[in-house]
Amino acid sequence: MAIWAFAATLTFQSGRALLRASEGYERGILPTRTVTTALQHERLLSLSVLGGATSSRAELDAQRIRTNTARAELERLVPSLQESTDPAVWNRLVQLLTAMERLTDIRSGVDTRATDQLQTLDAYTAIVGAAFAVYDKIRISSDVGLNDQTRTVVLVGRSREMLSQQAALIAGAVAEGGMSPAERTRFGDLVTGRRLLYTMGVSQFDEEFQGLYRNLQGSATYVSFERIEKAVTAANKPDPSWAAVAAKLSDTFDELGGDVSEGITRRSGSLATGILIQIGIAGGLGLVAVTVSIFVSIRFGRRIGAELVGLRQAALDLANKRLPDVVERLRRGEDVCSEAQELNHGTTTEIVDVGRAFSSVQRTAVEAAAGQAQMRKSVNKVFVNLARRSQSLLHRQLAMLETMERRASDPETLDDLFGLDHLTTRMRRHSEGLIILSGAVPGRGWRVPVTIYDVVRAAVEEVEDYQRVMVNVPQGPSMVGTVVTDVIHLVAELVENAAIFSPPHTTVNVRGEMVARGYVIEVEDRGLGITPAEMAQLNERLAGPPEFDLADSDRLGLFVVTQLAARHGIRVSLRPSPFGGTTAIVLLPGELVADAPEPATARSAEVEWTSTDSGLPKRVRQAVPERRAVPAEVIGSTPSSVMTSFRDGWRRAEQESGAE
């Protein structure tokens with residue numbers, strides 16, 4: 001169809017160009033020929049007036065009016081030809097109009113007799129030459145024969161222009177009574193040029209146009225003018241009849257040139273009509289062939305199109321719904337391998353093969369996702385198993401350390417035991433981190449509210465550089481017991497991160513206060529901080545917990561924080577610190593904040609850990625002494641004094657428990 005349209009377009013453009021030749025002839029060539037003829041007549045009369053023929057003055061004035069009228073008509077038509085005419089022809093028309101602006105000066109020279117006959121002849125000839133420059137750029141069509149005949153018309157027209165110059169010189173000589181040597185020389189040059197161009201031009205015409213010029217050559221006027229050409233060079237005084245013969249022959253040549261131009265235009269119109277008829281026949285047959293092809297294509301392609309649409313919808317459903325649903329169910333641990341459906345669409349062999357290929361891709365994707373889910377489940381089981389084993393051992397170790405601390409009486413030994421107790425507590429937090437990574441929940445917990453102050457202090461005690469941490473959390477507000485363990489772990493991860501990424505001589509400040517939507521805990525360090533881009537990325541991960549990636553092992557703490565925050569609806573975000581470091585903000589929702597517990601209730605709420613036959617820990621309620629706040633002077637003291645204060649407080653609590 002595209003090839004047919006291309007061929008039809010080329011043929012149509014060729015025919016249209018031929019049809020437009022008629023329009024160009026009517027609106028461009030004819031007005032230009034009218035201007036050229038008017039200028040030639042005005043030139044002849046101007047030379048006659050300069051020669052002294054006062055009787056020609058009135059004729060010259062009338063001719064100037066006719067020239068101005070022809071010029072105005074051409075100026076009116078030229079702008080409308082810009083779109084439909086070849087740019088080269090249009091530019092030459094503009095140049096012709098520009099050349100005609102010199103007419104005023106030329107006429108002034110004639111009226112004041114400031115110029116002689118040869119100067120006036122050359123001035124008018126220059127303008128006429130601009131008109132013939134327009135003819136040189138005319139291209140009727142791509143038909144070689146028509147273009148050859150068009151160039152021949154222009155060639156004969158130039159011969160006729162030389163004849164017009166000869167007539168003007170003869171008119172001036174008749175009026176003046178003779179020719180100057182310069183004028184006689186110019187006339188001889190014009191004779192030679194005219195005969196050469198005429199002979200070359202007529203010989204290139206076809207038989208029809210040659211017949212017209214052969215009739216002219218045999219006429220009495222042409223024969224008389226040839227005798228005049230020979231006589232001018234020898235006679236001292238021209239015959240008055242010469243001017244009439246020359247003018248008549250010039251007009252006859254002009255009329256004959258117009259007839260030939262009209263004949264060429266008619267030929268182009270007939271040729272264009274024939275081409276358009278061919279376009280109609282070829283285009284009609286081609287259109288029938290295209291219509292049949294389209295009908296066949298639609299008939300056989302509609303079924304294929306419907307099958308492809310169905311296959312496309314099935315593939316999109318597979319990519320956008322079924323596979324994501326399968327992957328999500330695999331993450332939840334469901335068995336979906338047997339639910340993979342085949343994509344059976346269409347009856348065409350190729351489309352059926354494509355459907356089978358999609359089904360193969362689906363099976364491979366489901367099997368790969370199932371393998372990944374199974375591997376992840378196995379890894380999580382390994383994490384839980386290892387963590388539970390380590391957790392059981394650590395609880396037993398903590399129980400042994402507690403017994404040893406109660407029996408110890410030497411302060412240095414007690415300090416060492418407290419240091420070992422602190423190290424074991426940190427190991428327990430890392431063990432619980434493995435449980436959280438696997439998606440499980442740590443075993444230890446509380447059933448009654450615990451003060452947020454105690455929660456923060458417990459979190460700080462699980463950090464290696466706890467002596468660098470300054471806690472500014474008021475007494476009073478408490479936290480729901482079911483989330484205490486997770487909040488301790490979350491705050492400990494943030495405090496440890498702040499301590500690691502800040503200089504050892506700086507402090508880490510932990511502040512807390514009630515706000516409109518709950519309770520806020522701020523962990524601020526004085527380190528180097530992080531870039532805005534990295535902070536935005538971390539805040540995005542904190543807002544939407546990502547799936548744990550085994551390859552991202554250097555961000556285990558961040559993943560633990562995101563999992564714990566998402567589990568309880570806690571909002572964690574980072575922002576720059578005024579001291580150049582980073583501030584982590586933990587917003588506990590209002591439903592996690594509770595009133596302070598009663599002392600008796602608090603004592604009966606903590607949990608003791610024992611081991612079952614399988615080696616896993618088991619929670620057992622027991623009565624514990626009331627927790628007492630660490631005195632304010634303890635914060636910021638040396639590690640030894642801190643441990644001593646912890647020991648003294650612990651023993652006072654034991655004594656009070658025994659008294660009760």
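Trainee: Where is Ser-250 found?

Mentor: Ser-250 is found in helix α10. Helices are DSSP runs of H or I with at least four residues, strands are runs of E with at least two, and both are numbered from the N terminus. Keep in mind that this is a predicted model: local features need pLDDT of at least 70, side-chain atom pairs count only at pLDDT 80 or more, and totals for chains, interfaces and linings use all residues. Residues are numbered from 1 along each chain as its sequence is written, and side-chain values use heavy atoms, with hydrogens and water left out.

Trainee: Why is Ser-250 called buried?

Mentor: Its relative accessible area is 4%. Buried means under 20%, exposed means over 50%, and partly exposed lies in between (1.4 Å probe, protein chains only). With 4%, Ser-250 is therefore buried.

Trainee: What is Ser-250 in contact with, leaving aside its neighbours within four places in sequence?

Mentor: Arg-160, Leu-163 and Ser-164, where contact means heavy atoms within 4.5 Å.

Trainee: What makes α3 and α5 roughly antiparallel?

Mentor: Helix α3 (residues 87-99) and helix α5 (residues 117-136) pack at about 170°, with axes 8 Å apart. Axes are lines fitted to C-alpha atoms, for helices over the stretch in contact, and angles between N-to-C directions run from 0 to 180 degrees. Under 35 degrees counts as roughly parallel, over 145 as roughly antiparallel, 65 to 115 as roughly perpendicular, and the rest as oblique. The pair is therefore roughly antiparallel.

Trainee: Which residues of α3 and α5 meet?

Mentor: From α3, they are Val-89, Arg-92, Leu-93, Leu-96 and Ala-99; from α5, Ile-127, Ala-130, Ala-131, Ala-133 and Val-134. This contact has nine nonpolar residues, no polar ones and one charged. Here Ala, Val, Leu, Ile, Met, Phe, Trp, Tyr, Cys and Pro count as nonpolar, Asp, Glu, Lys and Arg as charged, and the others, Gly among them, as polar.

Trainee: Why does Val-94 count as partly exposed?

Mentor: Val-94, in helix α3, has 30% relative accessibility, so Val-94 counts as partly exposed.

Trainee: How do you know that α2 and α4 are roughly antiparallel?

Mentor: Helix α2 (residues 57-77) and helix α4 (residues 103-112) pack at about 180°, with axes 13 Å apart. That angle makes them roughly antiparallel. The residues in contact divide into three nonpolar, two polar and five charged.

Trainee: How many aromatic pairs does a search of the whole structure find?

Mentor: Eight. Rings of Phe, Tyr and Trp (its six-membered ring) pair if their centres lie within 6.5 Å; planes under 30 degrees apart count as stacked, over 60 as edge-to-face, and the rest as tilted.

Trainee: What makes the pair of Tyr-198 and Tyr-213 edge-to-face?

Mentor: Their ring centres are 6.1 Å apart and their planes stand at 70°, so the pair is edge-to-face. Tyr-198 lies in helix α7 (residues 181-204) and Tyr-213 in helix α8 (residues 207-217), 15 residues apart. Tyr-198 is buried at 4% relative accessible area, and Tyr-213 is buried at 2%.

Trainee: Why is the pair of Tyr-222 and Phe-253 called tilted?

Mentor: The centres are 6.4 Å apart and the planes are at 45°, so this pair is tilted. Tyr-222 belongs to helix α9 (residues 220-232) and Phe-253 to helix α10 (residues 241-331), so the pair ties together parts 31 residues apart in sequence. Tyr-222 is buried at 4% relative accessibility, as is Phe-253 at 3%. Ring pairs link Tyr-198, Phe-205, Phe-209, Tyr-213, Tyr-222 and Phe-253 into a cluster.

Trainee: Which residue lies over the face of Phe-579?

Mentor: Arg-526, at 3.8 Å from the ring centre. A charge sits over a ring if NZ of Lys or CZ of Arg is within 6 Å of the ring centre and within 35 degrees of the ring normal.
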